[in-house]
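Here is a short briefing on one protein structure. Keep the model in view as you read.

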Amino acid sequence: MKPMMILIAGPYRSGTGGDPDLIAANLARLEEAAWPIFQAGHVPMIGEWVALPVLDQAHGAATAEDVLYPTAQRLLQHCDAVLRLPGESTGADQDVAIARERGLPVYHRIEEIPGHVAQPA
């Protein structure tokens, strides 16, 4: 099995009202999927891992919308699949739409990912 780069898509800013603690909690939920994807033999990717340092280095010259969505769109040119986590998210829905346009698999549960290793209870 060839390793895939899998974009983890789900709520980041959605439903947070801009609250930094809620945003951090959303990022932590996205990151929870990283280890199981890696353990399955793939490379996990979260758009914010790339976009946030770019946004920080823009020093106010760009908004989150200027960087977050375009980063995900660009990453999807290199990704082999998307894992769509639950929750309302316009950006994640866009990621799924782009993946489907490109014929990439869209998984909705980690267990669907090829090579998934069941975790002990």
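The model is a predicted one.

**How α3 and α4 pack**
- Helix α3 spans residues 47-57, and helix α4 spans residues 64-75.
- The two helices pack at an angle of about 140°. Their axes are 9 Å apart.
- What does that angle make them? Angles over 145 degrees count as roughly antiparallel, and 65 to 115 as roughly perpendicular. At about 140°, α3 and α4 are therefore oblique to each other.
- The α3 and α4 crossing is right-handed.

**Where α3 and α4 meet**
- On the α3 side, the contact involves Gly47, Glu48, Val50, Ala51, Leu52, Val54 and Leu55.
- On the α4 side, Ala64, Val67, Leu68, Thr71 and Leu75 take part.
- By type, the residues of this contact divide into nine nonpolar, two polar and one charged.

**Thr16, a loop residue**
- Thr16 sits in the loop between β1 (5-9) and α1 (20-32).
- Is Thr16 buried or exposed? Its relative accessible area is 7%, so Thr16 is buried. The cut-off for buried is under 20%.
- Leaving aside residues up to four places away in sequence, Thr16 touches Leu22, Ile23 and Asn26.

**Ala72, a helix residue**
- Ala72 belongs to helix α4.
- Ala72 has a relative accessible area of 7%, so Ala72 is buried.
- Along the chain, Ala72 and Met45 are 27 residues apart. Their C-alpha atoms are separated by 9.8 Å.

Technical notes: Residues are numbered from 1 along each chain as its sequence is written. This is a predicted model: local features need pLDDT of at least 70, side-chain atom pairs count only at pLDDT 80 or more; totals for chains, interfaces and linings use all residues. Side-chain values use heavy atoms; hydrogens and water are left out. Axes are lines fitted to C-alpha atoms, for helices over the stretch in contact, and angles run from 0 to 180 degrees between N-to-C directions. Helices (H or I, at least four residues) and strands (E, at least two) are DSSP runs, numbered from the N terminus. Angles under 35 degrees count as roughly parallel, over 145 as roughly antiparallel, 65 to 115 as roughly perpendicular and the rest as oblique. A crossing is left-handed if the near helix is turned anticlockwise from the far one by less than a right angle, and right-handed if clockwise. Contact means heavy atoms within 4.5 Å. Ala, Val, Leu, Ile, Met, Phe, Trp, Tyr, Cys and Pro count as nonpolar, Asp, Glu, Lys and Arg as charged, and the others, Gly among them, as polar. Buried means under 20% relative accessible area, exposed over 50%, partly exposed in between (1.4 Å probe, protein chains only).
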